[in-house]
Amino acid sequence: MMLEYTEKIRKTAKKLLEDGKVDVFIGYKKGSVAMMNEPVLITNPDHVDLLYWDSNCGLNLCNYLTGRTDRVGIVANGCNSRNIVTHIVENQIKRDQLYIVGIPCKGMIDHRAVQRAVKQREILEINEEGDGFTVKGMGFEETFEKKNYLQGNCAVCTHRNPVEYDEMIAEPVEEQEGVEAYRDVEKIEEMEPGKKWGFFTRLIERCIRCYACRNACPLCYCPTCFVDESQPQWVGKSSDPTDTMTFHLLRAYHCAGRCTDCGACERVCPMGISMRQFTKKLNKDSLDLFSWEAGLTLDQRPPLDVYRPDDYNDFIK
Amino acid sequence: MKGLFEHIGIEPGRLQFSWISSAEATKFVEVARAVAKEVKALGPAGHLIKRRAEVA
């Protein structure tokens, strides 16, 4: 199935570029390291064979759309398409500049979980077949079921099919029913304040403030990020626990009502920190208080963008 | 705002919001008193405080 997708993406990209319908096509290519597919921008129709698709396309391509003025072809699964919608709603790109090649998605593989499963031995190759995948390295070869190795966000995803597209590469896949998307958040909500603090302090303890999570996030497109500003300096640049907590808190707030839980932040973290715990709480609040999930429609302004007399305001005395 | 702060373990009551018009002096006093009372009961803040480096 994955090879089929790849073939179709290549064919579509070639046609779009040859017909002059787009100036650039944005997709994924195989990474130099196994399980790490890279974004690729293609302008020459002869180079479309670089394009690739499998369950290691976890980076969010929407990062490459911000502020573009040319016509762009782009592949988009569920979450990426929701980020494209968010980009359009936030005036970062225009819908008529885009040709969206929709990809029904059954989730991305959690490379860390696979790495743990093979006892941290170096994986040199990964091949998918049906609902499983095989990893190979020096002196080992192991096969796993994909559903047991999904990224955390993919396991609880309820928007696997693109919401906005010009053409679909295949028939839509079945959406997951009955997932408890916010069970982890609820568990924390049940804790005492002291325990909550302990949980989040330990969560970000290892953070080295490399800002990979910010860089991978398609929502983070400010010309100068607050963490990089020095006049005024909003947050200390040290790895002091308070500075680190401030960074994570503010990063999350900047994503409030905008995050599609694409999981790129967690995927790229070199320390394996689960910073989705911050954004997920805000996603849950958006859903509970505003019945809002980001990027599902071009026709509605996000809740933090508009005032309604019946907006939730119980927190104001 | 309040939701995530309390979610990470800032005590409920530590962070409060109110909307008071410049014409509502009485409300201002009431709210300020109530907030001060609640925060005093919680004691000194322990989280999100950056201390100066202790130099021996």
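Good morning. I begin with strand S3 of chain A: five of its five residues are buried, so the strand is largely enclosed by the rest of the structure. Please keep in mind that this is a predicted model. For the complex, the predictor reports an ipTM of 0.86 and a pTM of 0.93. Chain B has a mean pLDDT of 90, with 96% of its residues at 70 or more.

Let us look at S3(A) in detail. A:Val72, A:Ile74 and A:Ala76 point one way from the strand, while A:Gly73 and A:Val75 point the other way, and all are buried. As a general point, side chains in a regular strand alternate between the two faces of the sheet.

Which strands accompany S3(A) in the sheet? The sheet is open, has five strands in the order S2-S1-S3-S4-S8 (chain A), and shows mixed pairing. Strands S2 (38-42) and S8 (167-168) of chain A stand at the edges; each has a single partner strand, so one side of each is left without a neighbour in the sheet.

We now turn to the pairings of S3(A). Strand S3 (residues 72-76) runs parallel to strand S4 (residues 98-102) of chain A, and five bridges join them. Within this pairing, A:Gly73 stands opposite A:Tyr99, and the bridge partner of A:Ile74 is A:Ile100. S1(A) and S3(A) also pair in the parallel sense, over three bridges. There, A:Phe25 stands opposite A:Gly73. In general, strands of a sheet pair through backbone hydrogen bonds.

Next, the nonpolar core. Which residues touch the most other members of the largest core? Among its 67 residues, they are A:Ile9, A:Ala13, A:Ile74, A:Val101 and A:Ile103. H1(A) supplies the largest share of this core, five residues. In soluble globular proteins, nonpolar side chains tend to be buried together. Consider A:Ile103 as an example: leaving aside neighbours within four places in sequence, its contacts are A:Tyr5, A:Trp53, A:Val75, A:Ala76, A:Asn77, A:Pro162 and A:Ile169.

I turn now to A:Gly295, which lies in the segment after H10 of chain A. Is A:Gly295 buried or exposed? It has 26 C-beta neighbours inside 10 Å, and therefore counts as buried. Beyond four places in sequence, A:Gly295 is in contact with A:Arg82, A:Asn83, A:Val85, A:Thr86, A:Val163 and A:Thr260. By contrast, the C-alpha atoms of A:Gly295 and A:Glu145 are separated by 30 Å, and these residues are 150 apart along the chain.

Finally, how do the two chains meet? In the model, 22 residues of chain A are in contact with 16 residues of chain B. On the side of chain A that touches chain B, at least two residues each come from helices H5 (183-189), H6 (193-204), H8 (241-254) and H10 (276-290) of chain A. H8(A) contributes the largest share, six residues. By type, the residues on this side of chain A comprise 12 nonpolar, three polar and seven charged. Thank you for your attention.

Conventions: Residues are numbered from 1 along each chain as its sequence is written. Chains are lettered from A and ligands numbered from 1 in the order in which they are written. This is a predicted model: local features need pLDDT of at least 70, side-chain atom pairs count only at pLDDT 80 or more; totals for chains, interfaces and linings use all residues. Two residues are in contact if their C-beta atoms, placed from the backbone, lie within 7 Å. Helices (H or I, at least four residues) and strands (E, at least two) are DSSP runs, numbered from the N terminus. Ala, Val, Leu, Ile, Met, Phe, Trp, Tyr, Cys and Pro count as nonpolar, Asp, Glu, Lys and Arg as charged, and the others, Gly among them, as polar. pLDDT is the predictor's confidence in each residue, from 0 to 100. Two strands pair if DSSP finds at least two bridges between them. A nonpolar core is a set of buried Ala, Val, Leu, Ile, Met, Phe, Trp, Tyr and Cys residues joined through C-beta atoms within 7 Å. A residue is buried if 20 or more other C-beta atoms lie within 10 Å of its own, exposed if 12 or fewer, and partly exposed in between; C-beta atoms are placed from the backbone.
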